[in-house]
Amino acid sequence: MKGRVYVALSLIVFSMSFLAQNMIVTAGDQRRYTGPTLDPYSEIQAETNFFNTGDEIREKDGRRVVSLDKGEYFRVKDVNFDRGMDSMTITVKADSPACIKVRKDDVNGKDLGCFMINGTKGKYIPYTEEMNDIWGKSVIYFVCSFGSCSIDYWKAGSDRGSEPKDVINPYKIVEAETMENAGCFVEGDTAYAAISDERTLVARNVDFSEGISDIEVITQTRWYNTEMYIYIDEPYGPPFSKLLLRSQRFGSCIAHISSDLTGVHDVYFKTNNPVDFDSWIAYSQK
Ligand SMILES: [Ca+2]
Ligand SMILES: [Ca+2]
């Protein structure tokens, strides 16, 4: 019972701190409505996080911080990087050298950048570093990879203003022949791309802000045991999804996806045999 009360209280405290942050609620186009998000271009308190293996502590001056030792991290989700990112500032204290890595999607995910912190002599000091770009509603991790430190708050920097990035909407049909490296062939009314073990296709800057539950492809192939492999951001390593293609005439094949993928990514398609690839579409998690 005590545990339950604690969880309920934590949720209330968390919801309140989330609300106190720079929350944006986007109305307008209902299809694009993705719920409340955090504005990373204003200060976000480190203690506003969705998971934390470090300790949340209150300093003598009243500030609340997240204290991380080597290997510990905290996760922040629903961060709306709608202006991208080129730098980040964290306000941090360390008694000896420490390193904080900022990663996307996963605690072991791609590095966006890294802060090398010297001893700060008991003070909280802002550190700014260049960051790799990230777009759209995303999940990021702050990982302490060396030493120990305490983070008070953080803020992303972008000098691009609010011009929207040219992104692909995967929740509408994406014609395969419009992707990079596709080539364009026509059979009857269908324009399609050629894909094979030697020809990888890529759709860049695909905005998965609404998550992904399934992916559907329209293909045809004369080859048996033909598989399509889908990769995110890099065309190697374990595939994000795999589909068995059976249609000899243009037809549909759907794969269920169990992943928390969100944000903007490059999507690579490969097959083990020659395939005519008409189009694909993703289904959101709603
Ligand atoms: Ca704080
Ligand atoms: Ca097509």
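Two strands are taken to pair if DSSP finds at least two bridges between them. Strands themselves are DSSP runs of E with at least two residues, helices are runs of H or I with at least four residues, and both are numbered from the N terminus. On these terms, strand 18 (residues 214-220) and strand 21 (residues 251-256) pair over six bridges in the antiparallel sense. Asp 214 has His 256 as its bridge partner in strand 21. Strand 18 is also joined to strand 23 (residues 275-283), by seven bridges, and these two run antiparallel. Here the bridge partner of Asp 214 is Tyr 283.

The model is predicted: local features need pLDDT of at least 70, side-chain atom pairs count only at pLDDT 80 or more, and totals for chains, interfaces and linings use all residues. Residues are numbered from 1 along each chain as its sequence is written, while chains are lettered from A and ligands numbered from 1 in the order in which they are written.

Confidence was examined next. The pLDDT is the predictor's confidence in each residue, from 0 to 100. The protein chain averages 87, and 86% of the residues score at least 70. Two stretches stay under 50. Residues 5-9 form one of them, with zero contacts beyond four places in sequence. Residues 24-34 also stay under 50, but the model gives this stretch nine such contacts. A contact requires that the C-beta atoms of two residues, placed from the backbone, lie within 7 Å.

The secondary structure of the protein chain consists of one helix and 23 strands. Of the contacts with a separation of 6 or more, 74% link residues 24 or more positions apart. Buried residues make up 33% of the 286 residues. A residue is buried if 20 or more other C-beta atoms lie within 10 Å of its own, exposed if 12 or fewer, and partly exposed in between; the C-beta atoms are placed from the backbone.

Five bridges connect strand 17 with strand 22 (residues 264-271) in the antiparallel sense. Asp 207 has Val 264 as its bridge partner in strand 22.

A hairpin is formed by strand 5 and strand 6, with five residues between them. Strand 5 (residues 55-58) and strand 6 (residues 64-69) run antiparallel and are joined by four bridges. Within strand 6, Val 66 is the bridge partner of Glu 56. In the turn, Gly 62 has a positive phi of about 95°.

Asp 78 has a phi near 60°. Asp 78 lies in strand 7 (residues 73-81). With 18 C-beta neighbours inside 10 Å, Asp 78 counts as partly exposed. Asp 233 has a positive phi of about 70°. Asp 233 is placed in the loop between strand 19 (226-232) and strand 20. Asp 233 is partly exposed, because 14 other C-beta atoms lie within 10 Å.

The largest nonpolar core has 61 residues. Such a core is a set of buried Ala, Val, Leu, Ile, Met, Phe, Trp, Tyr and Cys residues joined through C-beta atoms within 7 Å. Ile 100, Phe 142, Cys 149, Ile 151, Ala 176, Ala 193 and Leu 201 touch the most other members. Strand 12 (residues 136-146) gives the most to this core, with six residues. Domain 1 (2-157) and domain 2 (174-283) both give residues to the core, so it lies between them. The domain bounds come from an automatic or database domain assignment. Beyond four places in sequence, Phe 142 is in contact with Tyr 73, Phe 74, Ile 100, Val 102 and Ile 151.

Ile 117 lies in strand 10 (residues 111-117). Ile 117 is buried because 22 other C-beta atoms lie within 10 Å. Beyond four places in sequence, its contacts include Val 92, Ala 94, Ile 100, Tyr 127 and Cys 149. Ile 117 and Lys 93 are 24 residues apart in sequence, yet 8.3 Å apart in space, C-alpha to C-alpha.
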